[in-house]
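Q: I would like to go through this structure step by step. Could we begin once it is on the screen?

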Amino acid sequence: MSDEARPAGSDPAPSWWPWACGGVAVLAVLDAFWALSTADWKTDEAWDGRLAWLAVDGGDWTQDNGHPVFVRWFLGLGQEVFGQNRVGIRFFPALASVAAVGLLYLVGRRLHSRWAGLIAAGLWAVLPRALVVGSTVVGPLRGDRFGYLEPFMVVALLAAALTGWNWVERNRWRDALATGLLIGLAGAFKPTALVAVAPIVAMAWWRQRSLRRVAGPALALAALAVAVLPLTYVVVLGTDGPSHLRALLDYQFDHARTGHQLVVDGRLTEHQPRWSHLRYQWRGMGVAACLGLAIGVVGAWTGRHRAPVVYASALWLSLLGFHLLTSVALPHYYLLWAPLSVLVAAMGLVELAERTADPAGGRDGIGDRWRRAPGPAAALGVAAVALVAAGVVATWRTATIEPGDYGRLAADLDARGVEPTSVRFKGESVERYFPDADSGQVGFTDASVPFDLLVLDPRDVPLLPDGVADRVRSQAQAAGLQPHRVGRLEVWYAEP
């Protein structure tokens, strides 16, 4: 049966369906919020969280750090409710990851079937998505549990995918306007979301077979998408908004041109290979999860629901393709398109299941010979085993997560009675563990100022100019501090 012949989700749901949906929701909440404060601070979330607190609590929106100001509403509100801690900064990103699960169900059901929606939602609820650089894990298990911008953008983009498909199918002005507003909202978190305009407009043109019919709504959609980001700056900064927006865009363009310093397996790089994004997803989600998703994608592209698969794939590949063209590849960027790859794979897994149950069904075309072969059942079995295994392992690891090296450092010093008054560090946001101490990064703080705690992370020490690390070690030794090892961290302090 073709996608035009069967409305998505038209079959009645079985009696146990609400229980299945409830189970996915419970898993999503547990995997998003369980031990949310346990993992170590990340540099970006500490930085954005501090600026969010200044903005929401102190009314100072003027600080620029290369990230849009809109996210500060959410990171600031979380701190107002839960305090200036990791839970306060991470609460709304984690909530956004749960919202993405619900939206994947709605989008999958609207595009394909309720089964596709449930599978997509279930996979996003449990699959791992760690942040990995080279052979080093920099963010365990779930990157969208941290205070990054990507979880917020994903929510708005998935909502735009839903309204965008309504516009593609029905060509109603209200759907086009809603889609433009939602893409603009996604762009207010990360401007790269604007690339989603192109595949949605192209899909509408293809489905409606008339440029004249879609031209007006398409222009309105694009105008709204572009307008939201400047509006967020004008609302909080007034007439100073345009200059701050220019500073943001200048930073982003300069970033794309000059690259981003990153230490990969001990080696400092300015520009990462363009395929790094694919490697980050492969390493972050794991071999089993990627294998299962790849089988699902093949199933989708050899299946019967051609138009929805093209639509979801176009959104996914537009985001991925844009980032493959840039010279900046950070390990959390793949969180932007990973939900869409899961959506396509879920539709493909349902296609494989339908072919297994009805190998003779369907229309003539690509994949017909495979439908009559034992391939679909075998592929579905391999994908199911791989994805279930990946989800079970990731959920177990989330349930048993322990503090990282920085958390162990803080606990160790507390147990020894070491209370630093002046901290120097090169690495993640060590100052967040010692809020009453004078803290500064090595290389950015006056080298003559004394300190009683030095923390050097070998992942970041290569970022320092030659000789700086040795000089600060000599300074620590002259001050009577002794070297210690906490996990991978080199720590200098004096026993009390």
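Q: Is Asn171 buried or exposed?
A: The model is a predicted one. In it, Asn171 counts as buried, because its relative accessibility is 14% and the limit for buried is under 20%.

Q: Where is Asn171 found?
A: Asn171 is found in the loop between α6, residues 150-170, and α7.

Q: What is the phi of Asn171?
A: The phi of Asn171 is near 55°, which is a positive value in a residue other than glycine. Most residues other than glycine have a negative phi.

Q: What about Ala35, and what is its phi?
A: Ala35 also has a positive phi, of about 50°, although it is not a glycine. The loop that holds Ala35 runs between α1 (17-33) and α2 (43-56). With 23% relative accessibility, Ala35 counts as partly exposed.

Q: Let us turn to helices. At what angle do α7 and α9 cross?
A: Helix α7, residues 173-189, and helix α9, residues 211-237, cross at roughly 30°, and their axes come within 7 Å. This angle makes α7 roughly parallel to α9, because angles under 35 degrees count as roughly parallel. The crossing of α7 and α9 is right-handed.

Q: Which residues of α7 and α9 meet?
A: On the α7 side they include Trp173, Ala176, Leu177, Ile183 and Leu185. On the α9 side they include Pro217, Leu221, Leu224, Val228 and Thr232.

Q: How many residues of that contact of α7 with α9 are nonpolar, polar or charged?
A: The contact of α7 with α9 has 14 nonpolar residues, six polar ones and no charged ones.

Q: How far apart are Trp173 and Gln252?
A: In sequence Trp173 and Gln252 are 79 residues apart, and in space they are 33 Å apart, from C-alpha to C-alpha. Gln252 belongs to helix α10 and is partly exposed, with a relative accessible area of 29%.

Q: How do α14 and α16 pack, in angle and distance?
A: Helix α14 (residues 338-357) packs with helix α16 (residues 375-399) at an angle of about 140°, and the axes are 9 Å apart. That makes α14 oblique to α16, since only angles over 145 count as roughly antiparallel. The crossing of α14 and α16 is left-handed.

Q: Which residues make the contact of α14 with α16?
A: Helix α14 contributes Leu349, Leu352, Ala353, Arg355 and Thr356. Helix α16 contributes Pro376, Ala377, Ala379, Leu380, Ala383 and Leu387. By class, the contact of α14 with α16 has nine nonpolar residues, one polar and one charged.

Q: Now for salt bridges: how many are there?
A: The count comes to 19 salt bridges. Side chains of opposite charge can pair when their charged atoms come close.

Q: Which residue meets Arg257 in a salt bridge?
A: Asp254 is the partner of Arg257, at 2.5 Å from N to O. Arg257 and Asp254 are three residues apart in helix α10 (residues 241-258), so about one helical turn separates them.

Q: Which residue does Arg304 pair with?
A: Arg304 forms a salt bridge with Glu354, and the closest N and O atoms are 3.9 Å apart. This pair links distant parts of the chain, since Arg304 is in the loop between α12 (287-301) and α13 (306-324) while Glu354 is in helix α14, 50 residues apart. Arg304 is buried, with a relative accessible area of 5%, and Glu354 is buried as well, with 18%.

Q: What about Asp405 and Arg488: how close are their side chains?
A: The side chains of Asp405 and Arg488 meet in a salt bridge of 3.0 Å, N to O. Asp405 lies in helix α17 (residues 405-416) and Arg488 in the loop between β8 (482-486) and β9 (489-493), so the pair ties together parts 83 residues apart in sequence. Asp405 counts as buried at 13% relative accessibility, whereas Arg488 counts as partly exposed at 26%.

Q: Which residues are joined with Asp405 and Arg488 into one network?
A: Arg408 and Asp457 are joined with Asp405 and Arg488 into one network, through salt bridges that share partners.

Methods: Residues numbered from 1 in each chain as written. Predicted model: local features only at pLDDT ≥ 70, side-chain atom pairs only at ≥ 80, totals over all residues. Heavy atoms only, no water. Axes fitted to C-alpha atoms, helices over the stretch in contact; angles between N-to-C directions. Helix = DSSP H or I, 4+ residues; strand = E, 2+ residues; numbered from the N terminus. Parallel < 35°, antiparallel > 145°, perpendicular 65-115°, else oblique. Left-handed = near helix turned anticlockwise from the far one by under 90°. Contact = heavy atoms within 4.5 Å. Nonpolar A, V, L, I, M, F, W, Y, C, P; charged D, E, K, R; others polar. Salt bridge = Lys/Arg side-chain N within 4 Å of Asp/Glu carboxyl O. Buried < 20%, exposed > 50% of the residue type's maximum accessible area, 1.4 Å probe, protein only.
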